[in-house]
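Here is a briefing on one protein model. Start with the fold, then follow the topics below.

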Amino acid sequence: MPLTSTDSLVRAAAEAGTGIGAFNVVQLEHAEAIVTGAETAGLPVIAQISENTVRYHGSLAPIGLATLALARAAGVPVAVHLDHAESAELVREAVELGFTSVMFDASKLPYEENVAATRKVTAHCHEHGVHVEAELGEIGGKDGAHAPGVRTDPGEARAYTAATGVDALAVAVGSSHAMATRDAALDYALIAALREAVPVPLVLHGSSGVDDAGLVRAVAAGMRKINISTHLNRTFTGAARSALAADERLSDPRRYLGPAREAMASEVARLLTVLHGGNILRQHGDSV
């Protein structure tokens, strides 16, 4: 199956009233787990690489090209997304490599500068058929708009979307980045209001802090792209830690990264079914 555009996946989810999972790649095993999990679930997925991960690897191309190769070989639709890029130069590199979408994060800038920078990046991406996501303010956990009590105003969101021409908007509705517990209290009424006010699909960042029932409710209220990273990292690391603890002589990374990859793939598959409304899980007699 060929690499699939992010725009088509997100808009298909909007038409169906479902959500699509966007899961972060930190290393090759993460990318493999995301694709394997999607194939297991028989559902599309977005594999995303953040600017922080690019900084960790030293450059975008190696991890980006590997993820693109896995996406092109997948048995289900897979899109590849650049997440939280603050550098317009990095965005241009992602476009040249063949990424299907970018999230340009100018949220640290004053509003007018944010709009101007985002509009310029959006114009460049659209010239190359690349989907653009943005946000008004920083997500919680990164000193910003998704801190407790901070919420996106529907009117401001509508004006920002019109001014920048972006294809999707990340909004603040009660979640926070890097949550280690799944007890975030989302404002579902606000999600519904934003869905009515904003003419592009809504994106939920910080979804690791939202439990299964909350994810289902968020999708039903209008969220379409659901970003999850920390929760999957905890799954991955927990499995690796268990393998290492079981054998103190273990030194071959394949012996602990393999189980970690398998555990993450299983959780990717489960989460994708949850975001799809739990329909596949219910068909098998389970529940979300």
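The protein chain has 12 helices and eight strands; both are DSSP runs numbered from the N terminus, helices being H or I with at least four residues and strands E with at least two. The model is predicted, so local features need pLDDT of at least 70 and side-chain atom pairs pLDDT 80 or more, while totals for chains, interfaces and linings use all residues. Residues are numbered from 1 along each chain as its sequence is written, and side-chain values use heavy atoms, with hydrogens and water left out.

**Whole chain**

- Of the 288 residues in the protein chain, 53% are buried. Buried means under 20% relative accessible area, exposed over 50%, and partly exposed in between (1.4 Å probe, protein chains only).
- The accessible surface of the chain is about 12000 Å², and carbon and sulfur atoms hold 52% of that surface. Areas come from the Shrake-Rupley method with a 1.4 Å probe; for residues, only the protein chains shown count as cover.
- Among contacts in the chain with a separation of 6 or more, 70% join residues 24 or more positions apart. Contact means heavy atoms within 4.5 Å.

**Nonpolar cores**

- The largest nonpolar core holds 76 residues, and Phe23, Leu82, Val91, Val173 and Met223 touch the most other members. Helix 11 (residues 253–275) gives the most to this core, with 10 residues.
- A second, separate core has six residues, including Leu9, Val10, Ala22 and Ile46.
- Such a core is a set of buried Ala, Val, Leu, Ile, Met, Phe, Trp, Tyr and Cys residues joined through side-chain atoms within 4.5 Å.

**Helix 11**

- At the helix start, a side-chain oxygen of Asp252 comes to within 3.0 Å of the backbone nitrogen of Arg254.
- Just after the helix, Gly277 has a positive phi of about 100°.

**Ser101**

- Ser101 sits in strand 4 (residues 101–104). Ser101 counts as buried because its relative accessibility is 0%.
- The Ser101 side chain makes polar contacts with the side chains of Thr6 (2.8 Å) and His81 (2.6 Å). A polar contact is a pair of N or O atoms within 3.5 Å; within protein, one must be able to donate a hydrogen and the other to accept it, and residues adjacent in sequence count only if both atoms are side-chain atoms.
- Beyond four places in sequence, Ser101 touches Thr6, Val80, His81, Leu82, Val130 and His131.

**Aromatic pair**

- There is one aromatic pair. The ring centres of Tyr111 and Tyr160 lie 6.1 Å apart with planes at 55°, so the pair is tilted.
- Rings of Phe, Tyr and Trp (its six-membered ring) pair if their centres lie within 6.5 Å; planes under 30 degrees apart are stacked, over 60 edge-to-face, and the rest tilted.
- Tyr111 is in helix 6 (residues 111–127) and Tyr160 in helix 7 (residues 154–164), so the pair ties together parts 49 residues apart in sequence.
- Tyr111 is partly exposed at 38% relative accessibility, whereas Tyr160 is buried at 0%.

**His84**

- His84 lies in strand 3 (residues 78–85) and is buried at 8% relative accessibility.
- Phi of His84 is near 50°, a positive value in a residue other than glycine. Most residues other than glycine have a negative phi.
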